[in-house]
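User: Hi! I am new to protein structures and would like to learn how to read one. Could you take me through it step by step?

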Amino acid sequence: MSRIILVTGGAKSGKSAWAEARAEALGASRIYIATAQAFDAEMEARIAEHLTRRGAGWTTVEQPRELAQALTETDGDAPRLVDCLTLWLTNEMLAEDGDWRGALETLVATLSRQTAPVILVTNEVGSGIVPDNALARRFQDAAGVVNQAIGAIADEVVLVVAGQALTIKDGAA
Amino acid sequence: MSRIILVTGGAKSGKSAWAEARAEALGASRIYIATAQAFDAEMEARIAEHLTRRGAGWTTVEQPRELAQALTETDGDAPRLVDCLTLWLTNEMLAEDGDWRGALETLVATLSRQTAPVILVTNEVGSGIVPDNALARRFQDAAGVVNQAIGAIADEVVLVVAGQALTIKDGAA
Amino acid sequence: MSRIILVTGGAKSGKSAWAEARAEALGASRIYIATAQAFDAEMEARIAEHLTRRGAGWTTVEQPRELAQALTETDGDAPRLVDCLTLWLTNEMLAEDGDWRGALETLVATLSRQTAPVILVTNEVGSGIVPDNALARRFQDAAGVVNQAIGAIADEVVLVVAGQALTIKDGAA
């Protein structure tokens, strides 16, 4: 089985940069699976910043919701970097026909069948004051469930703080 | 002296599940000291979810505020799991006759006299943006003070991230 | 080159107390560089609490914005403790003539020229729900960028949780 690596951390903790460096160490050509959708100028700027940093050697696949399908279609020799699970969850929860629990189950099953490595970036969103509104609380809980589910099947889980990576799970390759 | 274990983490990080598994490893019968109060349907659902997961071998004691008393009354052979300190603090801060600093002092003194192990679950609530309103800031600070006080006397402190436990303090048993 | 130590953690996690103890281990006399400004009673109380805890052996320098200048002026034998970067960033972002990116660049360059050790306290603010308002999001991102930049040049990075310090970077002295 392929190596599954989950990279988590707060906003602007350096998790994407760490994940990209790790992917670059795993293969000369890499596939970037982007879940971000540019709804507004702020989001466009974030996407552009990531794109500039990555540079050559990357093929980008945009897939806001069908992550399992994107992983199946891109499985081969090249490592894949999924950035990020939290936006994927947001897209799934906001979609009218969304079913994030079902989609998570499919994602977990698909990850277990991959040949090439997959690095998944996610966010820590549950370590602040519990939000006032019920939707934000549901999102916070769902994000935690996603992180636990992927953490459980991952060979490696890494927490990034102030740009520094701390390995919190390191199973056999 | 008994082993005191503090388990912290964000919302839905997997800290309760880890704490339950740890308690199960410590004794065939366990006592669950629940601080949650079912004020609304959301809270009832959370309590029911925890109850279903725990299964057999657990005796539940509901004690929203008098934790020290509950610990004294249940001390014997069975390990105790307190879930969670953050709700206990909330209950104490919201009570008209509440005195969380006094209650914390009593709790710390009581913990130092226990014979059977105590596992205490708590929440990280101070790693987000500082809240706008003064009450939330007071709660955030108080939660940090509680975690520090219990962390100081604990034999073990564990941080749970994405379902994975990271030991951050491990004193002698 | 001098030892640069970055201490991060959530609100009331015990990071200042840990940083103070570390500074005390590094020198009999220490310089405290305070970035806090007492705008209101709440802030005054926090400053007074820190001051009381520190006790003898400390010289305090108040410098809400010109951190690089304060470090240059205080460089000698005594270790310096900067508490904290997050308030410094806030002051810089709120100032009409503020330029936090430029100031961060100057700070990084200045840190690399220090003779005596510098311990810098900062806050984790990016692990909660992403804030609703754009200013808070900009601050959250900027705080992450500051932490990454100092983390990159630090010899040591320490994360404090429940009063317990976890070393996440430990380079050569």
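This is a predicted model: local features need pLDDT of at least 70, side-chain atom pairs count only at pLDDT 80 or more; totals for chains, interfaces and linings use all residues.

User: What area is buried between chain B and chain A, and what percentage of it do carbon and sulfur atoms give?

Analyst: Chain B and chain A bury about 1600 Å² between them, and 61% of that comes from carbon and sulfur atoms. On each side of this contact there are 22 residues: 22 of chain B touch 22 of chain A. Within chain B, the residues that lose the most area to chain A are Lys12(B), Ala162(B) and Gln164(B), which together make up 34% of what that side buries.

User: How many salt bridges are there between chain B and chain A?

Analyst: Here is the general idea: side chains of opposite charge can pair when their charged atoms come close. Between chain B and chain A the count is two salt bridges. One pair to look at is Glu42(B) with Arg137(A), where the closest N and O atoms are 2.8 Å apart.

User: Which elements of chain B give two or more residues to the side that touches chain A?

Analyst: Those elements are α2 (41-54), α6 (134-153) and β7 (164-170) of chain B. Sorted by class, that side of chain B has nine nonpolar, nine polar and four charged residues.

User: Now for chain C. How many of its residues are in contact with chain A?

Analyst: 22 residues of chain C meet 22 residues of chain A. The two chains bury about 1600 Å² between them, with 61% of it on carbon and sulfur atoms. Two salt bridges cross this interface. In one pair, Arg46(A) meets Asp141(C), with the closest N and O atoms 2.5 Å apart. Eight residue pairs are in polar contact between chain C and chain A, both partners being at pLDDT 80 or more. On the chain C side, the elements giving two or more residues are β1 (4-9), α6 (134-153), β6 (156-161) and β7 (164-170) of chain C. The largest share, nine residues, comes from α6(C). By class, the residues on that side are eight nonpolar, ten polar and four charged.

User: How many salt bridges are there over all chains?

Analyst: The count over all chains is 36 salt bridges. An example to find is the pair of Glu156(A) and Arg3(A), at 2.9 Å from N to O. Glu156(A) sits in strand β6 of chain A and Arg3(A) in the segment before β1 of chain A, so this pair ties together parts that are 153 residues apart in sequence.

User: Let me try the sheets. What is the strand order in the sheet of chain A?

Analyst: First the general idea: strands of a sheet pair through backbone hydrogen bonds, either parallel or antiparallel. In chain A, seven strands form an open sheet in the order β3-β2-β4-β5-β1-β6-β7, with mixed pairing. Its edge strands are β3 (58-62) and β7 (164-170) of chain A, each pairing on one side only. From one strand to the next, the twist averages 20°. To see a parallel pair, follow β4 (residues 80-83) and β5 (residues 118-121) of chain A, which pair over four bridges. There, Val82(A) has Leu120(A) in β5(A) as its bridge partner.

User: Which strands stand at the edges in chain B?

Analyst: The sheet of chain B is open, with seven strands in the order β3-β2-β4-β5-β1-β6-β7. At the edges stand β3 (58-62) and β7 of chain B, each with a single partner strand, so one side of each is left without a neighbour in the sheet. Inside this sheet, β2 (residues 30-34) and β4 (residues 80-83) of chain B pair in the parallel sense over four bridges. Ile33(B) has Val82(B) as its bridge partner in β4(B).

User: Is the peptide bond from Asp83(A) to Cys84(A) cis or trans?

Analyst: For background, most residues other than glycine have a negative phi, and most peptide bonds are trans. The bond from Asp83(A) to Cys84(A) is cis, with omega near 0°. Cys84(A) lies in the loop between β4 and α4 (85-94) of chain A. A cis peptide bond also joins Asp83(B) and Cys84(B).

User: Is phi of Ala162(A) positive or negative?

Analyst: Phi of Ala162(A) is positive, near 50°. You can find Ala162(A) in the loop between β6 and β7 of chain A.

Notes
Residues are numbered from 1 along each chain as its sequence is written. Chains are lettered from A and ligands numbered from 1 in the order in which they are written. Side-chain values use heavy atoms; hydrogens and water are left out. Contact means heavy atoms within 4.5 Å. Buried area is the accessible area (1.4 Å probe) that two parts lose on being put together, summed over both. A salt bridge is a side-chain nitrogen of Lys or Arg within 4 Å of a carboxyl oxygen of Asp or Glu. A polar contact is a pair of N or O atoms within 3.5 Å; within protein, one must be able to donate a hydrogen and the other to accept it, and residues adjacent in sequence count only if both atoms are side-chain atoms. Ala, Val, Leu, Ile, Met, Phe, Trp, Tyr, Cys and Pro count as nonpolar, Asp, Glu, Lys and Arg as charged, and the others, Gly among them, as polar. Two strands pair if DSSP finds at least two bridges between them. Axes are lines fitted to C-alpha atoms, for helices over the stretch in contact, and angles run from 0 to 180 degrees between N-to-C directions.
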